[in-house]
Amino acid sequence: MIVIAIARYSAVHWGTLKMSRDEQLYCLAADVEIVRRKSSLLLVSKLTGASVRVSDTAEPLLPLLSRGTDMPGLRKLLQELHPQAFDISKKLGLFLESLERVGLLVNEQAAVQFVRGRRKIKLFQVDRMAHLISTLLLKIPQVFRIGIMSALILGALVGIAQLAVLNNFPSGRGLVQDFSILGFLIFIFLVVPFHEAAHAVACRMAGVEVGSAGLVFHGGLLPGPFVETTQAYRVKGRWARFCIPAMGPVVNLLGAGVCAWILLLVVPDHTEYKTIVNYVFMLCLLFVYLDTNPFTPSDGSHMLEALLDDELARHNSLSFKKMNHYDRGIIVRYRIVSLLHAVIGIFLLYLWFA
């Protein structure tokens with residue numbers, strides 16, 4: 001009897017949910033823009049930068065969603081276009097859920113959930129500064145810009161490698177044992193602002209505007225700096241979109257390189273100054289790795305998503321749900337890169353703390 005009662009309740013409850021779902025009105029938010037690229041079609045929020053990749057099957061639904069429609073109307077159109085399909089309702093539900101999850105539909109709780117736990121404090125506008133610097137840099141021929149950047153990166157890598165070869169590489173334990181308040185402050189107030197400014201300048205060099213800069217509180221508690229580059233989706237080239245998040249870790253690498261050469265050529269051993277520079281060096285190097293990780297919504301995941309031309313690659317590749325409707329090639333490539341990043345991190349930690 002208990003089993004029968006539960007079954008009846010479940011049937012009634014599911015029927016109520018299905019009915020409310022069918023009666024619900026679906027309409028794209030006013031800030032949603034349709035972006036067409038060579039290999040993909042995206043729906044993107046102009047305000048948040050949140051996006052959803054639209055398949056060829058779902059593309060005919062966009063005019064209806066722009067005007068506002070219900071589930072039966074969407075289902076009817078798909079049935080007319082694909083009369084042989086047998087799982088229309090399931091795939092349509094998955095598509096609408098993906099829009100709801102990132103807040104691209106009006107009057108949806110998903111829009112609230114998307115920003116929940118990520119409270120931002122906007123401090124100042126950086127677009128004018130980024131525009132000025134990018135204008136000056138764009139006056140330099142591209143081949144020279146690439147050459148200068150390559151030389152700086154190579155110089156940083158050589159300095160870091162030289163420290164390792166001479167056995168002067170600071171131990172990772174020093175982050176705790178040899179804590180330097182001055183080194184920490186130099187990193188926070190010098191390296192971090194340059195990191196965020198690099199994102200802004202790269203965004204402006206790609207031809208799109210930059211928003212505010214300030215602090216974002218992840219999970220409502222953990223603070224971190226941010227620069228709004230939500231218009232980056234307008235950049236058509238994958239390489240240009242890749243450079244916008246990549247310039248932050250590049251700044252961290254250059255910071256580590258500068259510290260490495262100071263330790264090699266300037267600062268004498270067994271001095272207070274060496275402790276300070278060591279600490280800045282270790283923080284820069286640590287954040288090169290942390291900022292390039294593909295597991296969290298960070299520079300690393302944005303870099304990989306740009307190369308794969310899919311802004312939802314991280315979410316779909318690391319999700320525990322089956323993504324039968326999603327490109328398996330993107331999922332496999334993203335997971336391979338994520339695994340390699342984790343293995344490299346374990347190896348580096350072993351060397352650093354050995």
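Strand β2 and strand β3 (residues 41-45) are paired in the antiparallel sense, with five bridges between them. Within this pairing, Ile34 is placed opposite Leu43 of β3. The model discussed here is a predicted one.

Which residues does Glu33 contact, leaving aside its neighbours within four places in sequence? Glu33 belongs to strand β2, and its contacts beyond those neighbours are Leu42, Leu43, Val44, Lys46, Tyr233 and Arg234. With Arg234 there is a polar contact between the two side chains, at 3.0 Å.

The helices are considered next. Two packed helices are described by the angle between their axes and the distance between the axes.

| Helix pair | Angle between axes | Axis distance |
|---|---|---|
| α9 (residues 181-205) and α10 (residues 238-265) | about 155° | 8 Å |
| α7 (residues 142-165) and α10 | roughly 50° | within 8 Å |
| α10 and α12 (residues 299-308) | about 165° | 8 Å |

For α9 and α10, the angle is about 155°, which makes α9 roughly antiparallel to α10. The crossing of α9 past α10 is right-handed. On the α9 side, the contact is formed by Val191, Phe194, His195, Ala198, His199, Ala202 and Cys203, and on the α10 side by Cys243, Ile244, Pro245, Met247, Gly248, Pro249, Val251 and Asn252. Sorted by class, this contact between α9 and α10 contains eleven nonpolar and four polar residues, and no charged ones.

Helices α7 and α10 cross at roughly 50°, and α7 is therefore oblique to α10. This crossing of α7 and α10 is left-handed. From α7, the residues that take part are Met149, Leu152, Ile153, Gly155, Ala156, Leu157, Val158, Gly159, Ile160, Gln162 and Leu163; they meet Met247, Val250, Leu253, Leu254, Ala256, Gly257, Ala260, Trp261, Leu263 and Leu264 of α10. The contact of α7 with α10 comprises 17 nonpolar and four polar residues, with no charged residue.

In the remaining pair of the table, α10 and α12 pack at about 165°, so α10 is roughly antiparallel to α12. Here α10 passes α12 in a left-handed crossing. The α10 residues in contact are Arg238, Arg241, Phe242, Pro245, Ala246, Gly248 and Pro249, while α12 contributes Asp299, His302, Met303, Ala306, Leu307 and Leu308. How many charged residues does the contact of α10 with α12 hold? There are three charged residues in the contact of α10 with α12, alongside eight nonpolar and two polar ones.

Key
Residues numbered from 1 in each chain as written. Predicted model: local features only at pLDDT ≥ 70, side-chain atom pairs only at ≥ 80, totals over all residues. Heavy atoms only, no water. Axes fitted to C-alpha atoms, helices over the stretch in contact; angles between N-to-C directions. Helix = DSSP H or I, 4+ residues; strand = E, 2+ residues; numbered from the N terminus. Parallel < 35°, antiparallel > 145°, perpendicular 65-115°, else oblique. Left-handed = near helix turned anticlockwise from the far one by under 90°. Contact = heavy atoms within 4.5 Å. Nonpolar A, V, L, I, M, F, W, Y, C, P; charged D, E, K, R; others polar. Pairing = 2+ DSSP bridges. Polar contact = N/O pair within 3.5 Å; in protein donor to acceptor, adjacent residues only side chain to side chain.
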